[in-house]
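Subject: Structure handover

Hello,

Here is the structure I promised to pass on. Please open it first, then read my notes below.

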Amino acid sequence: MALMYQPPQFKSDDRALAARLMREHPFASLISNDDAGLPFVTHLPLHLEEREGGFFLLGHCAKPNPHWRYLQARRTALVTFLGPHAYQSPRIYADRQRVPSWNYLAVHCRVDASLIEDPLAKDRLLKKLIGDHEPGYAEQWRSLGEEFAHKMLAGIMAFDLAVTEWQCKLKLNQHRPESHAALAAGYAQGNEDERELAAWMERLELKGN
């Protein structure tokens, strides 16, 4: 089942590339249906684990956020990761009969959610997120005291999202090799997202004719 529009030239089945993209851009969108059947979105960092031959995403939201209740009622949800993205100018082509576009990297995951309510399991999850983003903070977290930690843990609801299906889209103008040299050169001189796209073009050996 399609999780996004996926022209074949942009489709990647490379598990390692999908994992790399999710780890390098962990700030995701978790999308569920609310009780009225409408989409409900929470933006949050997720920790990727590879176990049991599959992908698992660990995260949490504030207890007042109703999203965990939606996951409890309807376990299937969608998680999207958006990597670097940037404008594509028609000037990369020699001829003028061209139009602008936008390049981007994305991973979409269908997930089966399980809530984590045990304080010790929540603490282990938080330490994994701390390890992803600021390992040095782990010592400070441990020093805050059991009472403070218990209060903080009681204020969140954690979840383990088992990925049941994933799709990776790497839209880098693959089907127009005559543009690759100019596109990569322009991106290499651009902003952070553009430079990252240039690095991905090199990684995928999009060098043009």
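Helices and strands here are DSSP runs, numbered from the N terminus. Keep in mind that this is a predicted model.

**Tyrosine 93**

Start with the loop between β6 (76-88) and β7 (101-116), where tyrosine 93 sits. Is tyrosine 93 buried or exposed? Its relative accessibility is 10%, so tyrosine 93 counts as buried; the cut-off for buried is under 20%.

Now look for serine 179. Along the chain, tyrosine 93 and serine 179 are 86 residues apart. Their C-alpha atoms are separated by 5.8 Å. Leaving out residues up to four places away in sequence, tyrosine 93 touches Gln88, Arg98, Asn173, Arg176, Glu178 and Ser179.

**Glutamine 167**

Next, go to strand β8 (residues 156-171), which holds glutamine 167. Glutamine 167 has 13% relative accessibility, so this residue also counts as buried. Which backbone atom does the side chain of glutamine 167 reach at 3.1 Å? It is the backbone nitrogen of leucine 3.

Residues up to four places away in sequence are again left out of the contacts of glutamine 167. Among those it touches are Met1, Ala2, Leu3, Met4 and Gln6. Glutamine 167 also touches Ala106, Val107 and His108.

**Glutamine 174**

Move on to the loop between β8 and α6, the place of glutamine 174. Its side chain reaches the backbone oxygen of leucine 170 at 2.5 Å. A polar atom of that side chain also lies 2.9 Å from the backbone nitrogen of leucine 172. Not counting residues up to four places away in sequence, glutamine 174 touches Gln9, Phe10, His180 and Leu206.

**Helices α6 and α7**

Finish with a helix pair. Two packed helices are described by the angle between their axes and the distance between the axes. Helix α6 covers residues 180-188, and helix α7 covers residues 192-203. They pack at an angle of about 140°, and their axes are 7 Å apart. That angle makes α6 oblique to α7, because only angles over 145 degrees count as roughly antiparallel. The crossing of α6 past α7 is left-handed.

Which residues make the contact? From α6, they are His180, Leu183, Ala184, Tyr187 and Ala188. From α7, they are Glu194, Arg195, Leu197, Ala198 and Met201. By class, the contact of α6 with α7 has 7 nonpolar, 1 polar and 2 charged residues.

Best wishes

Technical notes:
Residues are numbered from 1 along each chain as its sequence is written. This is a predicted model: local features need pLDDT of at least 70, side-chain atom pairs count only at pLDDT 80 or more; totals for chains, interfaces and linings use all residues. Side-chain values use heavy atoms; hydrogens and water are left out. Axes are lines fitted to C-alpha atoms, for helices over the stretch in contact, and angles run from 0 to 180 degrees between N-to-C directions. Helices (H or I, at least four residues) and strands (E, at least two) are DSSP runs, numbered from the N terminus. Angles under 35 degrees count as roughly parallel, over 145 as roughly antiparallel, 65 to 115 as roughly perpendicular and the rest as oblique. A crossing is left-handed if the near helix is turned anticlockwise from the far one by less than a right angle, and right-handed if clockwise. Contact means heavy atoms within 4.5 Å. Ala, Val, Leu, Ile, Met, Phe, Trp, Tyr, Cys and Pro count as nonpolar, Asp, Glu, Lys and Arg as charged, and the others, Gly among them, as polar. Buried means under 20% relative accessible area, exposed over 50%, partly exposed in between (1.4 Å probe, protein chains only). A polar contact is a pair of N or O atoms within 3.5 Å; within protein, one must be able to donate a hydrogen and the other to accept it, and residues adjacent in sequence count only if both atoms are side-chain atoms.
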